[in-house]
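Biologist: Can you take me through this model? I'd like to begin with the disulfides, then the sheet, then the pockets.

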Amino acid sequence: EAGVAQSPRYKIIEKRQSVAFWCNPISGHATLYWYQQILGQGPKLLIQFQNNGVVDDSQLPKDRFSAERLKGVDSTLKIQPAKLEDSAVYLCASSGDRYTYNEQFFGPGTRLTVL
Amino acid sequence: DAKTTQPNSMESNEEEPVHLPCNHSTISGTDYIHWYRQLPSQGPEYVIHGLTSNVNNRMASLAIAEDRKSSTLILHRATLRDAAVYYCILRESGGTSYGKLTFGQGTILTVHP
């Protein structure tokens, strides 16, 4: 079974530039999550989708971050404009099929460096 | 969000059992106790979860105190591959927070050959 796919794996940009990350969840998973993990800390949930709809985006900095999940499958997370403090690993996770609904399956993450 | 408290770091020798403690004194009756681990340069990976009773799976065992205010993740025979950050998380159930995981700092487990 294919896992959660993310791209790119690494990205280096300058502050005030824009960047987008892509996530393809495990087939059949209705719930998709984006997390931000700053070096030395645990992951922090940014946004949670249930199919196409947003369930929780309370910790998403909406002035610069946006996310969408079209057709309830793939998702993109965008930052515009980026700040130095956005340097982190962005993790995508999915869950929700009938056999493993208690588990979140994480992708390898995208490491963002903002210079 | 319900909080958990874990030691910052622990060490073990290969092939010995490891007991990773977690305190969650403010746990509510519907919170599940989840454990995830994160190997270097990888995303977190699910280990085990439980509600009230002790649980076993192929990776580990979870011992839950009778009052549910603490739990212990047990790795029966540590291997070098078990070196990771271990997160104890209270998973909220119900409402719009269903399934949400709030990660803390976790415990860095070092396994010595």
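Biologist: How many disulfides are there over all chains?

Modeller: The count is two over all chains, where a disulfide is a pair of cysteine sulfur atoms within 2.5 Å. This is a predicted model, in which local features need pLDDT of at least 70 and side-chain atom pairs count only at pLDDT 80 or more, while totals for chains, interfaces and linings use all residues. Residues are numbered from 1 along each chain as its sequence is written, chains are lettered from A and ligands numbered from 1 in the order in which they are written, and side-chain values use heavy atoms, with hydrogens and water left out.

Biologist: Which residue does A:Cys23 pair with?

Modeller: A:Cys23 is joined to A:Cys92, with an S to S distance of 1.9 Å. The angle about the S-S bond is -70°, which is left-handed. A:Cys23 lies in strand E3 (residues 19-24) of chain A and A:Cys92 in strand E9 of chain A, so the link ties together parts 69 residues apart in sequence. Strands (E, at least two residues) and helices (H or I, at least four) are DSSP runs, numbered from the N terminus.

Biologist: Is A:Cys23 buried or exposed?

Modeller: A:Cys23 is buried, at 0% relative accessibility. Buried means under 20% relative accessible area, exposed over 50%, and partly exposed in between, with a 1.4 Å probe and protein chains only. A:Cys92 is buried too, at 0%.

Biologist: And what does B:Cys22 form with B:Cys88?

Modeller: They form a disulfide, with the sulfur atoms 2.1 Å apart. This link is left-handed, with -85° about the S-S bond. B:Cys22 sits in strand E2 (residues 18-23) of chain B and B:Cys88 in strand E8 of chain B, 66 residues apart. B:Cys22 is buried at 1% relative accessible area, and B:Cys88 is buried at 1% as well.

Biologist: New topic. What is the strand order in the open sheet of chain B?

Modeller: The order is E1-E9-E8-E3-E4, five strands with mixed pairing; two strands pair if DSSP finds at least two bridges between them. Strand E1 (9-13) and E4 of chain B are at the edges with a single partner strand each, so one side of each has no neighbour in the sheet. Neighbouring strands are turned by 25° against each other on average, direction ignored. Axes here are lines fitted to C-alpha atoms, for helices over the stretch in contact, and angles run from 0 to 180 degrees between N-to-C directions.

Biologist: How many bridges join E1(B) to strand E9 of chain B?

Modeller: Five, and E1(B) and E9 (residues 107-112) of chain B run parallel. B:Met10 stands opposite B:Leu109 in E9(B).

Biologist: What about the second largest pocket?

Modeller: Its volume is about 340 Å³. Among its 19 lining residues, A:Glu103, A:Phe105, B:Pro44, B:Glu45 and B:Tyr46 are the closest to the centre.

Note on methods:
On a 1 Å grid over the protein atoms alone, a cavity is a set of points where a 1.4 Å probe fits but cannot get out, and a pocket is an open set with protein on both sides within 12 Å along at least five of seven lines; lining residues have an atom within 4 Å of a point. Grid points are joined across faces, edges and corners, and a volume is the space filled by probe spheres set on the points.
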